[in-house]
Amino acid sequence: MKLTVVYDNEARTGLRSGWGFSCLVEVPGHRILFDTGWDGHLLLDNMRKLSISPADIDTLVLSHQHWDHIGGLPALLNSSPDLHIYVPSGFSSNLKKEISSRCAILHEVKDPRNICESVYTTGELGTDIKEQSLVLDSAKGLYVIAGCAHPGISSILSATSRFGTVAGIIGGLHDTQEHCLLKGLQLIGAGHCTVHKNKFREMYPGSFKDIFAGYSMDL
């Protein structure tokens, strides 16, 4: 299992940064893209530089409906029309209609469910902003990928714990004040919209990672 950040506010030399988030999860038999950032041209350019072919992606999981997580969708669909796409059921009906007309199958997610072997969704979480996170059941434990963590760390970790013990969390952690809930995690990979990076770094020096486009890890 391998994870590669494709799109983020920060980027390694040679890649482009942009407001938003996207990462690729590779498991045997599947390539799963989580979110698309906001700029489809930037997304595809970074994928090309990372030797990732859009045609090889079979599944797309969208965390929530905000522009900086779904903006790259039209460009991706032009390159990958046979995608299975998983969206929270709270997406607008018009958006779901548009997406379903341009992909293989649109899956509306309400409850936790299996996407493929070793990959799950937390199900739709939150009240005002409906959001799902991705759960990876790796050899190193469970890792959560969060788009923005709008529902809160507590809610996300609680939903993930039904699958086992959480080892790490990666992605946008927004403006969370729930720092203490991350105690004991092996990895806190903070990127995109995370406001309190310095606080995380100070509290968890052994597990904190500042992620960026181009960051990758084997799980």
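Predicted model: local features only at pLDDT ≥ 70, side-chain atom pairs only at ≥ 80, totals over all residues.

Reader: What is the order of the strands in the open sheet of seven strands, and which are the edge strands?

Author: The pairing within this sheet is mixed, and the order is β6-β5-β4-β3-β2-β1-β14. From one strand to the next the twist averages 20°. An edge strand pairs on one side only, and that description applies to β6 (105-109) and β14 (216-218).

Reader: In which sense do β3 and β4 run, and what is the bridge partner of I32 in β4?

Author: Strand β3 covers residues 30-34 and strand β4 residues 59-61. Three bridges join them, and the two strands run parallel. Within β4, the bridge partner of I32 is T59.

Reader: Which strands does helix α4 lie across, and at about what angle does it run to β6?

Author: Helix α4 is formed by residues 93-100. It lies across β5 (84-88) and β6, and its direction relative to β6 is about 150°.

Reader: Across which strands does helix α1 lie, and at about what angle to β1?

Author: Helix α1 comprises residues 40-49. The strands it lies across are β1 (2-7) and β2 (22-27), and its angle to β1 is about 135°.

Reader: Is strand β12 mostly covered or mostly exposed, and how many of its residues are buried?

Author: L187, G189 and G191 point one way from β12, while I188 and A190 point the other way. Residues on both sides are buried. Strand β12 (residues 187-191) is thus mostly covered, the buried count being five of its five residues.

Reader: With which strands does β12 pair, and through which helix does the chain cross from β12 to β13?

Author: Strand β11 (residues 166-172) pairs with β12 in the parallel sense over five bridges, and G172 has G191 as its bridge partner. β12 also pairs in the parallel sense with β13 (residues 208-210), over three bridges, with I188 opposite F208. The β-α-β crossover from β12 to β13 is right-handed, and the helix in it is α6 (residues 197-203).

Reader: How many aromatic pairs are counted, and why is the pair of F21 and F34 edge-to-face?

Author: The count comes to four aromatic pairs. For F21 and F34, the ring centres are 6.4 Å apart and the planes stand at 70°; planes over 60 degrees apart count as edge-to-face, so this pair is edge-to-face. F21 is in the loop between β1 and β2 and F34 in strand β3, so the pair ties together parts 13 residues apart in sequence. F21 is buried at a relative accessible area of 0%, and the value for F34, also buried, is 0%.

Reader: What kind of aromatic pair do Y120 and F163 form, and how many residues apart are they?

Author: The centres of the two rings are 4.6 Å apart, with 25° between the planes, and the pair is stacked. Y120 lies in strand β8 (residues 119-121) and F163 in the loop between α5 (153-160) and β11, a separation of 43 residues.

Note on methods:
Residues numbered from 1 in each chain as written. Heavy atoms only, no water. Buried < 20%, exposed > 50% of the residue type's maximum accessible area, 1.4 Å probe, protein only. Helix = DSSP H or I, 4+ residues; strand = E, 2+ residues; numbered from the N terminus. Pairing = 2+ DSSP bridges. Right-handed = clockwise from strand over helix to strand, strands pointing away. Axes fitted to C-alpha atoms, helices over the stretch in contact; angles between N-to-C directions. Contact = heavy atoms within 4.5 Å. Phe/Tyr/Trp six-rings, centres within 6.5 Å; stacked < 30°, edge-to-face > 60°.
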